[in-house]
Amino acid sequence: MAAKAGKGGVERAWSRGRAGADVASGVRPTCPLPRPVATLPCGSEPKMAAPSRSTNGEGASLWAALLLAAVALRPGEAVSEPTTVAFDVRPGGVVHSFSQNVGPGDKYTCAFTYASQGGTNEKWQMSLGISEDSQHFTCTIWRPQGKSYLYFTQFKAEVRGAEIEYGMAYSKAAFERESDVPLKNEEFEVTKTAVSHRPGVFKAELSKLVIVAKATRSEL
């Protein structure tokens, strides 16, 4: 099973740099992040705002920070600005799916499959980014307005052409001054290819999904 936030490569990436100096000075280690994100305690879960297009490049910097921290790539590894596509999440209890491709020859796919109940359609977005060497890609699916008011009966965010190294699901997405709120660990599971709900345990709240994946051996 792929590592969740705060474990393995994610934790090592956040702990680089300032950690050693802070420990030596008796200060609780913090991890520097690119502007405008504040520092976080080392080993804590990175709760970042959803990536967005930005004319001043800060959106791309934030996107790069997520990828670099999650998979512990070399500092300075270039990451492309994400491609963001809007789509409707539709209630009614029927299973729907939305997918996008990224990479040379559309080698990677991220697909979001769900069923929900509630009032009316909600506008969501899917953002895909890829590392300079095309060996890692990111997929973020979220409601830009923060919390979704739909009642999700099931969900699955699935990747093709790659294996998941980091996956997280949130009941509430960051919006204005409010932070991401992750689902409890028992509510969802992360495998090599998908982040999905756990039947009977998932509490039907979903607003954001984040995946970082690496090319499978057949794609290397």
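A polar contact here is a pair of N or O atoms within 3.5 Å; within protein, one must be able to donate a hydrogen and the other to accept it, and residues adjacent in sequence count only if both atoms are side-chain atoms. Keep that in mind for a later stop. This is a predicted model, in which local features need pLDDT of at least 70 and side-chain atom pairs count only at pLDDT 80 or more, while totals for chains, interfaces and linings use all residues. Residues are numbered from 1 along each chain as its sequence is written, and side-chain values use heavy atoms, with hydrogens and water left out.

**Stop 1: the whole chain**

Start by colouring the chain by pLDDT, the predictor's confidence in each residue, from 0 to 100. The average is 74, and 62% of the residues score at least 70. Now select residues 1-62: the pLDDT there is below 50, and beyond near neighbours in sequence this stretch has 107 contacts in the model (contact means heavy atoms within 4.5 Å). Residues 70-78 also fall below 50, with 22 such contacts. Where pLDDT is low, the predicted coordinates should not be read in detail.

Switch to a cartoon view and you will find three helices and 13 strands. Both are DSSP runs numbered from the N terminus: helices are H or I with at least four residues, strands are E with at least two.

**Stop 2: the open sheet**

Next, select the six strands that form an open sheet in the order β3-β6-β7-β13-β9-β10, with antiparallel pairing. At the edges stand β3 (83-89) and β10 (181-182), each with a single partner strand, so one side of each is left without a neighbour in the sheet. Two strands pair if DSSP finds at least two bridges between them.

Zoom in on β13, residues 208-215, where seven of the eight residues are buried. Strand β13 pairs with β7 in the antiparallel sense over seven bridges, and with β9 (residues 162-172), again antiparallel, over eight bridges. Pick Val 212 in β13: Thr 138 stands opposite Val 212, and Tyr 166 also has Val 212 as its bridge partner. Then click Trp 142, whose bridge partner in β13 is Lys 208.

**Stop 3: the disulfide**

Show the side chains of Cys 110 and Cys 139. They form a disulfide with sulfur atoms 2.1 Å apart; the cut-off for such a pair of cysteine sulfur atoms is within 2.5 Å. Cys 110 lies in strand β5 (residues 108-117) and Cys 139 in strand β7 (residues 136-142), so the pair ties together parts that are 29 residues apart in sequence. The torsion about the S-S bond is about -75 degrees, so the disulfide is left-handed. Cys 110 is buried at 0% relative accessibility, and Cys 139 is buried at 1%.

**Stop 4: Ser 148**

Finally, select Ser 148, in the loop between β7 and β8 (151-160). Is Ser 148 buried or exposed? At 4% relative accessibility, Ser 148 is buried. Its side chain makes a polar contact of 2.7 Å with the side chain of Glu 122. A polar atom of the Ser 148 side chain also lies 3.2 Å from the backbone nitrogen of Leu 150. Leaving aside neighbours within four places in sequence, Ser 148 is in contact with Glu 122, Trp 124, Arg 143, Leu 206 and Ser 207.

Definitions and conventions
Buried means under 20% relative accessible area, exposed over 50%, partly exposed in between (1.4 Å probe, protein chains only).
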